[in-house]
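Subject: Structure handover

Hello,

I am passing on the structure below for you to look through. My notes on what was found follow it.

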There are 2 protein chains.
Amino acid sequence: MSITIYIWYLISIEKINEFNIDILNKLDNLYNRSIKEGFMEKKKMGKKPNMFPFPVTIVGANYKCKPNYMTIAFAGVVNMNPGMIALGVNAKHVTTRGIYENKTFSINFPNEEMVKVTDYIGINSGKTVEKSKLFENFYGQLKNAPMIKECPVNIECRVYKTIQDIGSDDIVIGEIIETYAGTDFITHGEIDIEKVKPITFSWKGYYSTGNFIGKAWEIGKNYNKD
Amino acid sequence: MSITIYIWYLISIEKINEFNIDILNKLDNLYNRSIKEGFMEKKKMGKKPNMFPFPVTIVGANYKCKPNYMTIAFAGVVNMNPGMIALGVNAKHVTTRGIYENKTFSINFPNEEMVKVTDYIGINSGKTVEKSKLFENFYGQLKNAPMIKECPVNIECRVYKTIQDIGSDDIVIGEIIETYAGTDFITHGEIDIEKVKPITFSWKGYYSTGNFIGKAWEIGKNYNKD
């Protein structure tokens, strides 16, 4: 808009009749400034929680001795050593009741191919759908945190702490007891995200994992701050 | 491997001399089973914390009245209403001291173009590098949680609870007070992840966000569990 006005201004003062490097530079600057303004101009977006992006996990727990699962994007690592993961879980969900029953749970990472069943688990309650039959379940060290064999990576956790009655969700903090990965998803002894192909979530939908863009603790070494 | 042995077996019993659909089918099944085994066969990977993928955030806090920032992948939403985010933060970091000083902090989401400076912030301590000069800082409702104008999305939080002396990191749970987004990153009134282009992290490195693969609470509706 401001560019158009500027051009009209230039025409009106008869400056645009001759080819003028100076004018073109000014136009360029105006354009760059408008780009920067749209980037930098902030708008208040409210209190709806966001993560860019959310991870997509399937949390598992036994409820009345049977595996149940729920799809959860409210999850994050919160401690390196001992490894801990915090979840935000609705207390009414069957899987949440299972977590409170056994004080254990699992976190399973589905991959792109599992996006439909992942969403299906999120849509349907364990009260109406028999989720223990959706997958091949297995148990690890804790014996009562059910895990999904079809998921490339599984983590079993013991409940470290819960924070309840704080709003729509309870906070469950779990200590990582063991991690399991399918042998197809390991490169040189480490779980390889490029083989796992995990799903991410934003309120707009599910997204795939993109491309490698740099090594951590490395790519920033040659950042020139000036 | 098992396919090779099977071929030798077939040769030895002279079955492979004739073209045999049945043999080819058996080979196919063996191959498919070996694929499935590699997928389903699990290996213990220990207690190192993982998220597939981790988000990449730059957490900000004022320390002695000056903005400081640290790069954090240990972050996740843990409550919908009121919106809450949990962080795992090293107590020795300057930004962490700032969080304890003011009981406020910000979460800033860098995009792909900011990957170098994001890593730079993660590598270098506020004790040796003047991080307040790296960006155009701004303040919101809380007045003392510094935010980064160059980041597409910023969230300001008030500390709701901290859990200390539990290991290498402290857990800080913040209540979301306000979210800010650059006007360039909004589509139909919502923050648009496809415009934000956030970075994700795994121990292997930084990754871009991939492609849209489906709508949540929608794509699973037609999942056929049989």
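This is a predicted model, and the notes begin with how the chains are arranged. Chain A superposes on chain B by a rotation of 180 degrees with 0.0 Å of shift along its axis, at an RMSD of 0.0 Å. That is the relation of a two-fold axis. The same surface serves both copies, as 100% of the contact residues of chain A recur in chain B.

Next, the interface. Chain A puts 112 residues into the contact, and chain B puts in 112 residues. Between chain A and chain B, about 10000 Å² of area is buried. Carbon and sulfur atoms give 67% of that area.

One of the salt bridges joins Lys48(A) to Glu190(B), whose closest N and O atoms are 4.0 Å apart. On the side of chain A that touches chain B, the residues divide into 58 nonpolar, 28 polar and 26 charged.

Last, the cysteines. How many disulfides does the structure hold over all chains? The count is zero. Two cysteines of chain A can be described by their accessibility. Cys151(A) has a relative accessibility of 0%, so this residue counts as buried. Cys157(A) is buried as well, with its relative accessible area at 0%.

Regards

How values were computed: Residues are numbered from 1 along each chain as its sequence is written. Chains are lettered from A and ligands numbered from 1 in the order in which they are written. This is a predicted model: local features need pLDDT of at least 70, side-chain atom pairs count only at pLDDT 80 or more; totals for chains, interfaces and linings use all residues. Side-chain values use heavy atoms; hydrogens and water are left out. Copies are superposed by least squares on the C-alpha atoms of residues with pLDDT of at least 70 in both. Contact means heavy atoms within 4.5 Å. A disulfide is a pair of cysteine sulfur atoms within 2.5 Å. Buried means under 20% relative accessible area, exposed over 50%, partly exposed in between (1.4 Å probe, protein chains only). Buried area is the accessible area (1.4 Å probe) that two parts lose on being put together, summed over both. A salt bridge is a side-chain nitrogen of Lys or Arg within 4 Å of a carboxyl oxygen of Asp or Glu. Ala, Val, Leu, Ile, Met, Phe, Trp, Tyr, Cys and Pro count as nonpolar, Asp, Glu, Lys and Arg as charged, and the others, Gly among them, as polar.
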